[in-house]
Amino acid sequence: MFPKGIPRSKRLFDLAVTIPLLLVISPLLPILALLVRFFHGSPVLFRQLRPGFRGEPFYIIKFRSMSEGRDHSGELQSDAKRLTTLGRFLRATSLDELPEFFLVLRGKMSLVGPRPLLMEYLERYSPEQMRRHLVLPGITGWAQINGRNALTWEDKFKLDIWYVDNWSLLLDIKILLLTLWKVIRREGINQPGEATATEFMGTLRTSDE
């Protein structure tokens, strides 16, 4: 129930918030699932392997926000073309993230922490950036309320590391409250001109490093 290395108080706080929240949103989940099934087809959930606490892989789950649109050669179209009107709404309101609350219950994620990214990024991190995996990945985080996908990768990772070094329950509460405000205002959803976050290719290092 309590992943080794995770503060007991943080885990208890996650459960204290997540359990009643899931009870409240439970009527909404099947409605969203039906909408996704109607507009995007099957499967309803997007499932992908991501690195979690200390880099341990786990499967993240979200409501699908993209269609399976393909070009004349049978290849998947770009993210921008496959992101539907419903998908944009789900992302803008963060409703696509709701299934992740079940991962919080299982102890694979926390309400607050660095967002879980792609497995292939692990080998591209600097040792300092790798420290973002010293805490559970979160549904929201310090980077999300300070720019989200509008940030550069380097700035995003600096904010993640700041959170790792400065974590407290009061900070988690502050981040959750600010997240609600950001969702209402729909700020920082994507980088300018991009449908999704650009791929992280690694941080350039100078010869002095």
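The following dialogue reads selected features of a predicted model.

Visitor: Which conventions apply to this model?

Guide: The model is predicted, so local features need pLDDT of at least 70 and side-chain atom pairs count only at pLDDT 80 or more, while totals for chains, interfaces and linings use all residues. Residues are numbered from 1 along each chain as its sequence is written, and side-chain values use heavy atoms, with hydrogens and water left out.

Visitor: How many helices and strands does the chain have?

Guide: Helices (H or I, at least four residues) and strands (E, at least two) are DSSP runs, numbered from the N terminus. The chain has eight helices and four strands. Their order from the N terminus is α-α-β-β-α-α-α-β-α-β-α-α.

Visitor: What share of the residues counts as buried, and what share of the contacts joins residues 24 or more positions apart?

Guide: Buried means under 20% relative accessible area, exposed over 50%, and partly exposed in between (1.4 Å probe, protein chains only). Of the 209 residues, 46% are buried. Contact means heavy atoms within 4.5 Å. Among contacts with a separation of 6 or more, 69% involve residues 24 or more positions apart.

Visitor: With which side chain does the side chain of Tyr-163 make a polar contact?

Guide: A polar contact is a pair of N or O atoms within 3.5 Å; within protein, one must be able to donate a hydrogen and the other to accept it, and residues adjacent in sequence count only if both atoms are side-chain atoms. Here the partner is the side chain of Lys-10, at 2.8 Å.

Visitor: Is Glu-100 buried or exposed?

Guide: Glu-100 is buried, because its relative accessible area is 0%. This residue lies in helix α5. Apart from neighbours within four places in sequence, Glu-100 is in contact with Ile-60, Ile-61, Lys-62, Met-109, Arg-115 and Ile-139.

Visitor: Which residues line the largest cavity?

Guide: Rolling a probe the size of a water molecule over the atoms shows where empty space is left. On a 1 Å grid over the protein atoms alone, a cavity is a set of points where a 1.4 Å probe fits but cannot get out, and lining residues have an atom within 4 Å of a point. Grid points are joined across faces, edges and corners, and a volume is the space filled by probe spheres set on the points. The structure holds one cavity of 30 Å³ or more, and the largest cavity has a volume of about 40 Å³. Its lining consists of Pro-51, Gly-52, Pro-114, Arg-115, Pro-116, Arg-132, His-133, Val-135, Leu-136 and Pro-137.

Visitor: How does that lining divide by class?

Guide: Ala, Val, Leu, Ile, Met, Phe, Trp, Tyr, Cys and Pro count as nonpolar, Asp, Glu, Lys and Arg as charged, and the others, Gly among them, as polar. The lining of the largest cavity divides into six nonpolar, two polar and two charged residues.

Visitor: At what angle do the axes of α2 and α4 cross?

Guide: Axes are lines fitted to C-alpha atoms, for helices over the stretch in contact, and angles run from 0 to 180 degrees between N-to-C directions. The axes of α2 and α4 come within 10 Å and cross at roughly 145°. Helix α2 contributes Leu-32, Leu-35, Val-36, Phe-39 and His-40 to the contact, and α4 contributes Leu-86, Gly-87 and Leu-90. By class, six of these residues are nonpolar, two are polar and none is charged.

Visitor: Where do Arg-54 and Ser-94 lie, and what is phi in Arg-54 and in Ser-94?

Guide: Arg-54 lies in the loop between β1 and β2 (57-63), with a positive phi near 55° in a residue other than glycine. Arg-54 counts as exposed because its relative accessibility is 57%. Ser-94, in the loop between α4 (85-92) and α5 (100-106), has a positive phi of about 65° although it is not a glycine. Ser-94 is buried, with a relative accessible area of 16%.

Visitor: Which residues does a cis peptide bond join?

Guide: The cis bond joins Ser-42 and Pro-43, with omega about 0°. Pro-43 is placed in the loop between α2 (28-40) and β1 (45-51).

Conventions
1 Å grid on protein atoms, 1.4 Å probe; cavity = no way out; pocket = protein on both sides within 12 Å on 5 of 7 lines; lining within 4 Å.
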